[in-house]
Amino acid sequence: MPRLVKFVWKMYIHFREKCGVLFGALLIMVMCHFLSRNLRRLMLGLVMCLESGCKYVLLLQHQYILLSLSLSERIVCRRKSTLITLNLLVLSDRNIYSYSPVGDTDSEAIFCALLNALKAKFETLPSLPVLHDYINKLCKEIVSANPDETILNFLLGCGRYVQFSYSWPGARPGSTVWNGLYYIVREPPFTEAHLSDMDYAVDFSEMNTDEDRVAIIATKPLTLNEEWVEIEKGELILFDQGIPHKVPEECFKIEFLGHGLDSDVMLAPKLEEDMRRYQFERSYYEGIGI
């Protein structure tokens with residue numbers, strides 16, 4: 001948080017305790033004139049959180065999206081495999097967001113928060129390693145508000161080729177159902193798979209060629225005779241051509257294949273700068289046809 005905002009906040013708390021809420025509010029109105037438009041809204045949002053009895057405030061990378069828990073009661077939003085013990089506090093002026101939820105589900109709130117944070121962070125297209133790193137940081141920030149009761153599983157398509165998968169699994173209170181994500185990579189030699197929920201088998205060798213590869217992601221293993229991999233708690237995986245990439249450095253290979261982000265209106269990422277940032281040598285892939 002910018003230093004000026006911290007100073008104004010400390011002044012507000014001081015005069016609020018000494019002179020009351022009304023005087024503190026008047027002080028905020030005067031001092032906010034010295035802040036930028038977005039910082040002014042951030043400060044007013046913080047005051048709103050304090051006066052409405054909020055216990056936790058989560059700032060998504062300075063995007064002024066406030067996710068909070070009420071002191072009086074915890075609002076638990078449930079939707080299929082997602083359980084977020086967070087309540088989205090929307091500021092009075094919704095124009096500060098480029099993306100706002102249409103409904104009131106936790107899934108929409110999280111999705112819009114991610115989009116707003118990404119849009120504000122990057123003025124040019126990020127490389128996939130940088131994007132992997134940043135989305136992972138945002139996910140950690142979201143679940144940190146209540147890691148014991150939060151369940152967050154999602155797939156995020158990104159560009160024409162790749163897809164992110166993130167999992168913070170768990171079970172809902174009073175339930176034995178485990179809400180997580182599992183994946184399997186099917187590649188040659190393809191075999192017969194037996195479905196887990198019915199007496200039926202599929203021979204994938206008859207449906208694929210020796211050049212095919214596919215990754216299947218599901219909330220639970222779909223077959224009995226295959227080894228499914230559970231995505232670890234807090235793990236973000238980028239899938240490309242059926243191959244899972246678990247760390248940012250692995251995503252450079254996808255960029256060299258030409259499967260990174262592209263746009264007609266935004267500048268392309270600067271791979272050389274990102275490679276120096278991650279201390280990555282392109283020679284690592286020399287001689288393997290990339």
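Rings of Phe, Tyr and Trp (its six-membered ring) pair if their centres lie within 6.5 Å; planes under 30 degrees apart count as stacked, over 60 as edge-to-face and the rest as tilted. This is a predicted model, in which local features need pLDDT of at least 70 and side-chain atom pairs count only at pLDDT 80 or more, while totals for chains, interfaces and linings use all residues. Residues are numbered from 1 along each chain as its sequence is written, and side-chain values use heavy atoms, with hydrogens and water left out.

**Stop 1: the rings**

Select Phe252, Phe256 and Tyr278, which ring pairs link into a cluster. How many aromatic pairs does a search of the whole structure find? The search finds five. One of them joins Phe122 and Tyr134 edge-to-face, at 5.4 Å centre to centre with 80° between the planes. Phe122 sits in the loop between helix 4 and helix 5 (128-143), and Tyr134 is in helix 5, twelve residues apart. Helices (H or I, at least four residues) and strands (E, at least two) are DSSP runs, numbered from the N terminus. Phe122 and Tyr134 are both buried; buried means under 20% relative accessible area, exposed over 50%, and partly exposed in between (1.4 Å probe, protein chains only).

Now return to Phe252 and Tyr278. Both are buried.

**Stop 2**

Select residues 182-186, which form strand 10. Four of its five residues are buried, so strand 10 is largely enclosed by the rest of the structure. Two strands pair if DSSP finds at least two bridges between them. Strand 10 pairs with strand 13 (residues 214-218) in the antiparallel sense over five bridges, and with strand 14 (residues 229-230), also antiparallel, over two bridges. Click on Tyr183: Ile217 in strand 13 stands opposite, and so does Val229 in strand 14.

In general, strands of a sheet pair through backbone hydrogen bonds, either parallel or antiparallel.

**Stop 3: a contact across the sequence**

Select Leu267, in the loop between helix 6 and helix 7. Is Leu267 buried or exposed? Leu267 is exposed, with a relative accessible area of 61%. Apart from neighbours within four places in sequence, Leu267 is in contact (heavy atoms within 4.5 Å) with Thr124 and Leu125. The C-alpha atoms of Leu267 and Leu125 are separated by 6.0 Å, although these residues are 142 apart along the chain.

**Stop 4: the largest pocket**

A pocket is an open set of points on a 1 Å grid over the protein atoms alone, where a 1.4 Å probe fits, with protein on both sides within 12 Å along at least five of seven lines; lining residues have an atom within 4 Å of a point. Grid points are joined across faces, edges and corners, and a volume is the space filled by probe spheres set on the points. The largest pocket holds about 400 Å³ of space. Select Leu115, Leu118, Lys119, Leu125 and Leu261, the closest to its centre of the 17 lining residues.
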